[in-house]
Amino acid sequence: MNYSRFITAVSAARKASPIRVLTELMQTSPPSLISLAGGAPNPNTFPFKAASISIEDGTRVEIGEDLMKRALQYSASAGIPELLSWLKDLQRSLHNPPTADYRPEEGKMEMCVTTGSQQGLCNVFEMLINPGDTILLDAPSYPGTLAALRPLGCNIISVPSDHHGIIPKGLKEILSRWSPESTRKVNSDLPKFLYTVPNGSNPTGTSLTTDRKKEIYQLARQYDFLLIEDDPYYFLQFSKPWAPTFLSMDIDGRVIRTDSFSKILSSGLRIGFLTGPKPLIDRVILHIQVSTMHTSTFTQLMISQLLQQWGHKGFFDHVDRVIEFYKTQRDVMLTAADKWLKGLADWHAPAAGMFLWLKIKGISDTQHLIMEKALEKQVLLVPGRAFNIDSSEPSSYVRASFSLSSPSQIDQGFQRLAELIKEAI
C-alpha cells in the first residue's frame, strides 16, 4: 500500500509533539529516573483521592489513592498501555486480522483509544480528505458523519443499498467511471475511501452480508481505495454467528475500523477505539496530540479495571445480556408496527442496532409530518431528510428507535403515528 497518496497535506505536515514524547517516555521509565522535563501538575494537589464503583454483578471496581493519582494525570495519546493491550487481544480473537503480524511499513495492525468513535472518525477524515477529493458513502447516513464530512469540501457519492446494505453491483457501476490503472497516476481523482456502517446501520438498520463484504473488498483492491468500517453496533447483532468483518478480510492493510463501548458499557464515558494499518493510525495519534491530547485517563482506567476483572468471558456474558435486551425491544417494535402500521408503511426487521427504518406510504416527504404534526400528536421520530447527503432532498422515510422507550410507549407511539399518517393521506 502506498499510504502517502491518501494523506492530506495538513496531516503530512503534522509532527510529533516533543512534550508528548517526553511525557510518554517518562511514563515508561524506571522510578530511578529523575525527570525535570514534564509540565504535569502535581497529583497531590488534586481533591479526588479514591473511588469505589458498583458493578451490576455485585462486584466493585476499586481505584485506590495510587491508581487515582495516575487516573487524574496526563497519559499517552494512543491510550493507556493496559487498555490497549486488552483491546488488541480482543481484536485478534474476534477478527484475526491478517495484518496483525505484518511489518509496520507493510500496514501492521495498530490501535489507539479515542474519545468515542466519533472523534476517531473526525481525525480519520481530517487525515484523508483534501478539498475536491471524491469519497464513497453508504447513504442514508448518520447526521454526525455528514456534519463532519460536509465542511471538508469533498465530493460525496452515494452508493446504492437495499435491506442487506451496499449493493456491490451498484458500487461497481459507480467505479466504472474510472479505470483501475488510474491508481498509478500521481493526481488520480479516484475515490479515496468507502465509508460504511456494516451492522445495524443508523438509520436503516441494515447489515451487510458476508458475500457482499467480500465483493466490496475486492473492488477496493481493484480500485485501490480505503475502507472505513464504522461499526458501533457490532456488539448489538441479534443472531449468531456474526458475519466476518472487513478487518478480518484485510490482507492489504486498507481497512480503518472504528469500534465503540458507547452502546454496551457507557455512552457518557466516551471510549472508542480505532484499528487499522500502523502508518495511518500513527498519523491519527498525531492529530489526537494537538486536539484532545488523549482520552480521559480516568475513564480509560475505570473501563480497563472492569475489563480485566471480567476477562473476555465476563465481557461477552455482559454483551449477551445487552443483546437480549435490545432484541426484545426490537421484537416489541416489530409487533407494534404489525399492529398499527400495516398498509401505512413498509419496513424490514433489523438484524442489529437500535433502529427501525419506516417508509411511509403516500407521503413523498415526512419533514413537515414529523417536525410539526407529530409533535401535536406527542410522538417524536426523525424524518428521513436528516440522513440524506443533501438534507433538502425529500424523503418518505422516518427513523424509529427502540432503545429507550418502554413496550407500552412503543405501542402507543406507533398508534399515534398511524393516526397521523391516516390524517395526512
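**Strand pairing, aromatic contacts and cysteines**

Q: In which sense do β3 and strand β11 pair, and over how many bridges?
A: This is a predicted model, in which local features need pLDDT of at least 70, side-chain atom pairs count only at pLDDT 80 or more, and totals for chains, interfaces and linings use all residues. Residues are numbered from 1 along each chain as its sequence is written, and side-chain values use heavy atoms, with hydrogens and water left out. Strands are DSSP runs of E, at least two residues, numbered from the N terminus, and two of them pair if DSSP finds at least two bridges between them. β3 and β11 (residues 272-277) pair in the antiparallel sense, over six bridges.

Q: Which residue in β11 is the bridge partner of M111?
A: M111 is one of the β3 residues. Its bridge partner in β11 is T275.

Q: How many residues of β3 are buried?
A: Buried means under 20% relative accessible area, exposed over 50%, partly exposed in between (1.4 Å probe, protein chains only). M109, M111 and V113 are buried on one side of β3, and E110, C112 and T114 on the other. For β3 (residues 109-114), the count of buried residues is six of six.

Q: What class of aromatic pair do Y234 and W242 form?
A: Rings of Phe, Tyr and Trp (its six-membered ring) pair if their centres lie within 6.5 Å; planes under 30 degrees apart count as stacked, over 60 as edge-to-face and the rest as tilted. The structure holds 14 aromatic pairs. The centres of Y234 and W242 are 4.9 Å apart and their planes stand at 75°, so the pair is edge-to-face.

Q: Is F316 buried or partly exposed?
A: F316 pairs edge-to-face with F315, at 5.1 Å centre to centre and 70° between the planes. F315 has a relative accessible area of 0% and is buried. F316 has 22%, so F316 is partly exposed.

Q: Which arginine lies over the face of Y234?
A: Y234 is buried, at 4% relative accessible area. A charge sits over a ring if NZ of Lys or CZ of Arg is within 6 Å of the ring centre and within 35 degrees of the ring normal. At 4.8 Å from the ring centre of Y234 lies R257.

Notes
Helix = DSSP H or I, 4+ residues; strand = E, 2+ residues; numbered from the N terminus.
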